[in-house]
Amino acid sequence: MRDRPSGFGNPWLQLVLSVMCVLVSELLLKRGATETADPASEWSWTGINSLASPLVWWAIILIIISFISWLYVLRYIPLTIAFPLSRVVDILVPLGCWFFLGEAISARRWCGIALVIIGLAVTAKPVARLEERL
Amino acid sequence: MTLLSLVLILLALVTFVGGQLILKRAMESTVAHGLRQSKFIALLGCGIFLMTISFFLTLGLLQRFDLSYLYPFQGLSVIIISVMAAIMLKEKLTWQLTIGSLLISAGIVLVSMS
């Protein structure tokens with residue numbers, strides 16, 4: 001891994017920022033898309049009519065921010081490491097619903113969350129070793 | 001699920017994976033040559049184009065299907081992207097990264113199916 005800036009320019013910090021923006025945007029998109037669902041419309045398969053929802057526009061702004069920080073991440077971190085780590089968002093959504101909204105998590109879903117956490121640890125371990133050496 | 005929706009789901013997945021690989025290549029080109037070069041702009045444009053197609057296809061699919069139905073397909077993108085990055089971008093895919101990606105993919109599929 002090549003030399004990289006510290007502070008706000010730290011690619012790992014940018015990876016976290018990117019994940020957080022994706023997390024919020026996913027929730028906004030689902031609400032916006034449901035709100036504007038119109039199966040009768042000829043163009044509904046393109047999803048274009050969801051642009052009528054302001055929630056979708058907020059989500060788009062967050063997606064643009066996460067996209068820019070993601071591009072920055074890609075400049076410094078290999079895709080084989082950055083992309084798997086970025087999918088931490090897929091367990092943060094159910095965990096967030098459980099923690100903040102009191103939604104139940106099934107046994108099967110807990111197993112999935114555990115698998116993802118183990119996978120993240122396995123992926124992040126060689127990275128930690130790499131970082132130490134620098 | 002109709003044949004059309006399966007095609008749309010696969011198309012959303014393929015455009016997403018392709019977009020990520022092209023964006024990675026675009027950003028790699030900036031390390032040596034900076035941001036003001038035609039190769040970077042062309043690759044960035046291609047990547048954004050593919051991601052946009054994937055975005056609208058996903059929005060359209062979300063109108064018809066539950067997120068829990070569509071998400072397992074996105075979970076598969078982890079292992080697909082890792083393998084494709086190794087093949088197309090010549091990134092080093094160690095056995096540790098392979099196992100990590102497989103576990104994350106399997107975990108996402110489990111999380112989203114329940």
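Gln74(B) is partly exposed, with a relative accessible area of 25%. Here, buried means under 20% relative accessible area, exposed means over 50%, and partly exposed lies in between, with a 1.4 Å probe and protein chains only. The structure is a predicted model, in which local features need pLDDT of at least 70, side-chain atom pairs count only at pLDDT 80 or more, and totals for chains, interfaces and linings use all residues. Residues are numbered from 1 along each chain as its sequence is written, chains are lettered from A and ligands numbered from 1 in the order in which they are written, and side-chain values use heavy atoms, with hydrogens and water left out.

Gln74(B) sits in helix H3 of chain B, which covers residues 67–88. Helices (H or I, at least four residues) and strands (E, at least two) are DSSP runs, numbered from the N terminus. With neighbours within four places in sequence set aside, Gln74(B) is in contact with Arg87(A) and Thr58(B). Contact means heavy atoms within 4.5 Å. Leu43(B) is 31 residues from Gln74(B) along the chain, and 23 Å separates their C-alpha atoms.

Chain B contains four helices and zero strands. From the N terminus on, its elements run α-α-α-α. The C-alpha trace of chain B spans about 45 × 35 × 20 Å along its principal axes. Of the 114 residues in chain B, 46% are buried. Contacts between residues at least 6 apart in sequence were also examined in chain B, and 71% of these join residues at least 24 apart. The accessible surface of chain B is about 5,600 Å², and carbon and sulfur atoms account for 75% of it. Accessible areas come from the Shrake-Rupley method with a 1.4 Å probe; for residues, only the protein chains shown count as cover.

Lys90(B) lies in the loop between H3 and helix H4 (95–113) of chain B. Lys90(B) counts as exposed, at 68% relative accessibility. Its phi is positive, about 60 degrees, although Lys90(B) is not a glycine. Most residues other than glycine have a negative phi.

Chain A has five helices and zero strands. Its elements run α-α-α-α-α from the N terminus on. Buried residues form 45% of the 134 residues in chain A. Among contacts in chain A between residues at least 6 apart in sequence, those joining residues at least 24 apart make up 67%. Chain A exposes about 7,200 Å², with 70% supplied by carbon and sulfur atoms.

Helix H3 of chain A is mostly covered, with eight of its eight residues buried. Among them are Leu79(A), Ile81(A), Phe83(A) and Leu85(A). Leu79(A) is also a contact of Leu74(A), a residue of helix H2 of chain A. Leu74(A) counts as buried, at 0% relative accessibility. Beyond its neighbours within four places in sequence, Leu74(A) is also in contact with Gln20(B), Leu23(B), Lys24(B) and Met27(B). Leu74(A) and Leu15(A) are 59 residues apart in sequence, and their C-alpha atoms are 9.3 Å apart in space.

Ser53(A) lies in the loop between H1 and H2 of chain A. Ser53(A) is buried, with a relative accessible area of 1%. A polar atom of the Ser53(A) side chain lies 3.2 Å from the backbone nitrogen of Leu55(A). Setting aside neighbours within four places in sequence, Ser53(A) is in contact with Gly32(A), Glu35(A) and Thr36(A).

The size of an interface is often given as the accessible area lost when the parts come together. Chain A and chain B bury about 4,200 Å² between them, 69% of it on carbon and sulfur atoms. Buried area is the accessible area (1.4 Å probe) that two parts lose on being put together, summed over both. The contact takes 49 residues from chain A and 47 residues from chain B. Eight residue pairs between the chains are in polar contact, both residues at pLDDT 80 or more. A polar contact is a pair of N or O atoms within 3.5 Å; within protein, one must be able to donate a hydrogen and the other to accept it, and residues adjacent in sequence count only if both atoms are side-chain atoms.
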